[in-house]
Amino acid sequence: MTLLATKQQRPERTNEKVRNLKIAIQKSGRLTDDTIELLRKSGLEFDAYGSRLFSKCRNFNLEILFLRDDDIPEYVQDNVCDLAIVGANIVAESSAKVTILEKLGFGICRLCIAVPKDSKINSVAQLSGKTIATSYPNLVRKFLEEEELCAGVMQVSGSVEITPTLNIADAVCDLVATGTTLRTYGLRILTTVLESEAVLVANVQSLQSAFRGDIDRLLMRLRATLAARRNKYVMVNAPLEALPRIKAILPGLDSPTILPLARKDMIALHAVIPEDVFWDVIERLKKAGASGILVVPIEKMIL
Ligand code: AMP
């Protein structure tokens, strides 16, 4: 009798929460260091070294799987893992059904079609009937379809840039970050097929499961770290009469903090400025009469 009562009072346990939340990240490649840094800056403690394929966070219910990035979208789709940090280019090339939760602001690159500098191909239409070498055949085919062009797509797994020199392709479609590789191989960009950066993706079912709470907690931490990175905290002194001009310049979160100073005709203003408009705002503040400008990095920003 007693045993039965205890069993009935016990909360229902579903299998899905018995295991930890799992996130896949690139094992070794362009995104690996930035991904590990983002996770660590977001307060996660874990080991990541050498040939490790798996790591358990010491302070969060999270397992990290180190995988080949090409495999990651399918693993997320098939629920081998709940989350992943992977290039948007890899997600777009695969046909895996995953949900993009957040753009992460690193691994920024473009998937571009490029041709040899002295090529007669000067427009997208002139790709008609030509051969394009790429590691992204699905995206190239989609692009050609949208442009209503008929061209050959040659799939290669690496060293795409060398194919025009070997006379086996007329054009290439590859990722471009700084453009150095294209210049090295004497290629020029014809057009951009896709803009890409690292993204956080999730398995569709995991988002509706008992893991949702942990996913939201992790997402809040990542967003706080990213927002802090994208903004600076600025403190300026200014004459009181300049306040309307300065308030109009400072974007702030809602509005700037305004503090009195010992001198009655002066005030101090504190505000958060987005990194991408930072220098522009500083120059305008100086012109508006601001002085003693102090800029400090933000550790975390929770909105
Ligand atoms: P870059 O010389 O900086 O333009 O980089 C081009 C080379 O790096 C090409 O071989 C690309 O395939 C590779 N690459 C650039 N950005 C990325 C990225 N975000 N993810 C993976 N590979 C990349």
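This is a predicted model: local features need pLDDT of at least 70, side-chain atom pairs count only at pLDDT 80 or more; totals for chains, interfaces and linings use all residues.
Two contacts involve the side chain of Ser42. One reaches the backbone oxygen of Leu38, at 2.8 Å. The other is a polar contact with the side chain of Thr225, at 2.9 Å.

## The ligand site

Twelve residues are listed around the ligand. They are Arg30, Gly107, Cys109, Glu161, Asp174, Leu175, Val176, Ala177, Thr178, Gly179, Thr180 and Thr181.

In the case of Arg30, an N or O atom of the side chain lies 2.7 Å from an oxygen atom of the ligand.

## The largest pocket

The volume of the largest pocket is about 950 Å³. Its lining is made up of 37 residues, and those closest to the pocket centre are Asn89, Ile90, Tyr136, Asp174 and Leu175. Asp174 and Leu175 are also among the residues that surround the ligand.

Several elements contribute at least two residues each to the lining of this pocket: helix 4 (88-93), helix 5 (137-146), strand 9 and helix 6 (180-184). By residue class, the lining consists of 17 polar, 13 nonpolar and seven charged residues.

Most residues other than glycine have a negative phi. Asn79 is not a glycine, yet has a positive phi of about 65 degrees. Asn79 is placed in the loop between helix 3 (72-77) and strand 4 (83-87). With a relative accessibility of 30%, Asn79 counts as partly exposed, because the value falls between the cut-offs of 20% and 50%.

Ser159 is likewise not a glycine and has a positive phi, of about 50 degrees. The loop that holds Ser159 lies between strand 8 (152-155) and strand 9 (171-176). Is Ser159 buried or exposed? Its relative accessible area is 54%, which is over 50%, and therefore Ser159 is exposed.

Gly105 belongs to the loop between strand 5 (99-103) and strand 6 (109-116). Its relative accessible area of 39% makes Gly105 partly exposed. Gly105 and Leu261 are 156 residues apart along the chain, and their C-alpha atoms are separated by 38 Å. Ala96 is located in the loop between helix 4 and strand 5. Ala96 has a relative accessible area of 11%, so this residue is buried. What distance separates the C-alpha atoms of Ala96 and Ala242? The separation is 55 Å, for two residues that are 146 positions apart along the chain.

Ile293 is part of strand 15 (residues 291-297). A relative accessible area of 26% puts Ile293 in the partly exposed class.

Notes. Residues are numbered from 1 along each chain as its sequence is written. Side-chain values use heavy atoms; hydrogens and water are left out. Helices (H or I, at least four residues) and strands (E, at least two) are DSSP runs, numbered from the N terminus. Buried means under 20% relative accessible area, exposed over 50%, partly exposed in between (1.4 Å probe, protein chains only). On a 1 Å grid over the protein atoms alone, a cavity is a set of points where a 1.4 Å probe fits but cannot get out, and a pocket is an open set with protein on both sides within 12 Å along at least five of seven lines; lining residues have an atom within 4 Å of a point. Grid points are joined across faces, edges and corners, and a volume is the space filled by probe spheres set on the points. Ala, Val, Leu, Ile, Met, Phe, Trp, Tyr, Cys and Pro count as nonpolar, Asp, Glu, Lys and Arg as charged, and the others, Gly among them, as polar. A residue is near a molecule or strand if one of its heavy atoms lies within 4 Å of it. A polar contact is a pair of N or O atoms within 3.5 Å; within protein, one must be able to donate a hydrogen and the other to accept it, and residues adjacent in sequence count only if both atoms are side-chain atoms.
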